[in-house]
Amino acid sequence: MQKLRTTPCLRSLRSFSSTPSPTTADKIVASVLFERLPVVIPKIDPVLYAFQEFSFRWKQQFRREYPDEFYKKYESRGKGDYQIDYQPAPRITEADKSNDRRSLERALDRRLYLLLHGPSSGSPGEKPVWHFPEKPYENEETLRKCAESALKSVLGDLTHTYFVGNAPMGHMNVSTEKTDLNPRKQRFFFKSQVIASNKFDVSGDYVWVTKDELLEYFPEEAEYLNQMIIS
């Protein structure tokens, strides 16, 4: 029986590599939305408070009536010589009064976000501007690894941080003029949260701001950031 002679395939094989091309790497920037969650429970909305008050008064109409002897026994329970003096901590801190935006001890019932002041990727002439922790994508294994490197370069340590998910939470074009030598960059946002810490040794000029305050720093991107950030 005659054997068929096989010849090697002449079509080109696709190469698989984790190293991006220079043109691709220069177009991608990983930014980190680093947030501190609320420390205290936010105040109840007046509409919700009115509903709860109405619901309580409505239920009082149908509550069971107990004899006076029952209330006397209940009031006498747990009485002793001890007394606990408890005074809750104030919701308004000294940092709130002085509007110290470099402190995490403010706006305790709101989320705070970290912003840095300095050269940013895509800013005109690399001038100092307010921006999120960021890093251009180079040869990291994943885009999230690039985001972790961006935050680590600012904090020096990621012990008290937690990245929420592996995928970006948002994406936008960096507002620069697109040319052959300066292609339009793509910015991908990753969310990270503060864990068990109320102070970070942040390098450079920085602020911790609420969502409303954050939008004031980015008037051109305010509409997009307002939709992306849930606060």
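**Salt bridges and a nonpolar surface patch**

The side chains of Arg101 and Glu213 come together in a salt bridge, at 3.6 Å from N to O. This pair links distant parts of the chain, for Arg101 sits in the loop between α4 (94–98) and β2 (112–119) and Glu213 in helix α6 (residues 211–217), 112 residues apart. The model is a predicted one, in which local features need pLDDT of at least 70, side-chain atom pairs count only at pLDDT 80 or more, and totals for chains, interfaces and linings use all residues. Residues are numbered from 1 along each chain as its sequence is written, and side-chain values use heavy atoms, with hydrogens and water left out.

A salt bridge is a side-chain nitrogen of Lys or Arg within 4 Å of a carboxyl oxygen of Asp or Glu. Side chains of opposite charge can pair when their charged atoms come close. Helices (H or I, at least four residues) and strands (E, at least two) are DSSP runs, numbered from the N terminus. By the salt-bridge rule, the count comes to 13.

Glu213 counts as buried, at 14% relative accessibility; here buried means under 20% relative accessible area, exposed over 50%, and partly exposed in between (1.4 Å probe, protein chains only). Elsewhere, salt bridges that share partners join Glu35, Arg111 and Lys191 into one network.

Glu53 is partly exposed, with 31% relative accessibility, whereas Arg57 is exposed, with 55%.

The surface also carries a nonpolar patch formed by Ile44, Leu48, Tyr49, Phe51, Phe54, Trp58 and Phe62, with about 830 Å² of accessible area together. Accessible areas come from the Shrake-Rupley method with a 1.4 Å probe, and for residues only the protein chains shown count as cover. Patches are made of residues with over 30% relative accessible area and no salt bridge, like charges being joined within 9 Å and nonpolar side chains (Val, Leu, Ile, Met, Phe, Trp, Tyr) within 5 Å. Ile44 is placed in the loop between β1 (28–36) and α2 and is partly exposed at 46%.
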